[in-house]
Amino acid sequence: TPTPTNPSPAATPGRTDETADPIVGVVMGSDSDWSVMEAAADALAEFDVPFEVEVLSAHRTPERMLAYGKIARERGIRVIIAGAGGAAHLPGMLASVTTLPVVGVPVPLSRLDGLDSLLSIVQMPAGVPVATVSIGGARNAGLLAVKILATSDDALDAKLAAFAEDLAEQVEKKNDALHE
Ligand code: RP5
C-alpha cells in the first residue's frame, strides 16, 4: 500500500533540518507560535530525532487539522507535539483523533500571559489525555517526546542518560564557581 502523505504541506516556519521520514510532528496553531515552539524542534535536533513542522489550526483549518491527526500514525509519526495559544484547542482535538501520545505546549499570548492557553490544554476530559508542559515549555515538550521514543530505543536512552549527567555536571560547576 502506498505511504499516506501529509495532507497539509502548507507554508511552515522555516527549518532546514526537517527530514524525509519524521517520527515526531511539531505542530502549532499559527506561525506566530513558532518563536516559542522552535525550542521543541531544537531539542529533537539535539537528539537526532527526525521531525516535521506544520502549522495546523483547530479553528482556521479544522479539516486539515483532523486529517493530519487521523493519518499521523500511518505516516510513521510516533509522538505529536502541539502548541497553541489563547483558545488553545489544537492539542486536545488532535488527541481526540489519534492513538499517538500528544504533548501540549501552552503558548503565552500578550493578554493573559498564557494562563488561558494552559487551562485550555490541560483540562482535558477523562479518556482523552494530553501531556501538558508548562507555559512556553516547548523545550521540555521536545525532551518528553525523546523520552517517550527512548522507551523502545536503547541508543536514544543512552543519549538521555548522558544528557542527564551533563545537566548534573553543569550544576556542580556552578556550585564550584560559587565557592571559589
Ligand atoms: C491560536 O491563536 C494560535 O495558536 C496562536 O497562539 C493564536 C494567535 O494566532 P495569530 O492570530 O497570531 O495567527 O490559535
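Predicted model: local features only at pLDDT ≥ 70, side-chain atom pairs only at ≥ 80, totals over all residues.
Local features required pLDDT of at least 70, and side-chain atom pairs counted only at pLDDT 80 or more, whereas totals for chains, interfaces and linings use all residues. Residues are numbered from 1 along each chain as its sequence is written.

The model contains an open sheet of five strands. Strand order is β2-β1-β3-β4-β5, and the pairing is parallel. Helices (H or I, at least four residues) and strands (E, at least two) are DSSP runs, numbered from the N terminus. Two strands pair if DSSP finds at least two bridges between them. The edges are formed by β2 (51-55) and β5 (131-132), each of which pairs on one side only.

Strand β1 (residues 24-28) runs parallel to β3 and is joined to β3 by five bridges. Val-24 stands opposite Val-79 of β3. Met-28 of β1 faces Gly-83 of β3. On the β4 side, β3 pairs in the parallel sense over six bridges.

Strand β3 is mostly covered, with seven of its seven residues buried. A residue is buried if 20 or more other C-beta atoms lie within 10 Å of its own, exposed if 12 or fewer, and partly exposed in between; C-beta atoms are placed from the backbone. Val-79, Ile-81, Gly-83 and Gly-85 point one way from the strand. Ile-80, Ala-82 and Ala-84 point the other way.

Helix α5 (residues 138-150) packs on the sheet. The helix touches β1, β3, β4 (102-107) and β5. Contact requires C-beta atoms, placed from the backbone, within 7 Å. The direction of α5 makes about 165° with that of β3. Axes are lines fitted to C-alpha atoms, for helices over the stretch in contact, and angles run from 0 to 180 degrees between N-to-C directions.

Helix α5 also packs with α1 (residues 34-46). Their axes come within 7 Å and cross at roughly 30°. The crossing is right-handed, that is, the near helix is turned clockwise from the far one by less than a right angle. On the α1 side, the contact residues include Val-36, Ala-40 and Leu-44. Among those of α5 are Ala-138, Arg-139, Leu-143 and Val-146. The contact comprises twelve nonpolar, one polar and two charged residues. Ala, Val, Leu, Ile, Met, Phe, Trp, Tyr, Cys and Pro count as nonpolar, Asp, Glu, Lys and Arg as charged, and the others, Gly among them, as polar.

Most residues other than glycine have a negative phi. Asp-48, between α1 and β2, has phi near 55°. Asp-48 counts as exposed because 12 C-beta neighbours lie inside 10 Å. Asp-113, in the loop between β4 and α4 (115-122), has phi near 60°. Asp-113 is likewise exposed, with 12 other C-beta atoms within 10 Å.

Glu-74 occupies the loop between α2 (62-71) and β3 (79-85). Glu-74 is exposed because its C-beta neighbours inside 10 Å number 11. Its C-alpha atom is separated by 21 Å from that of Leu-44, 30 residues apart along the chain.

Methods:
Contact = placed C-beta atoms within 7 Å.
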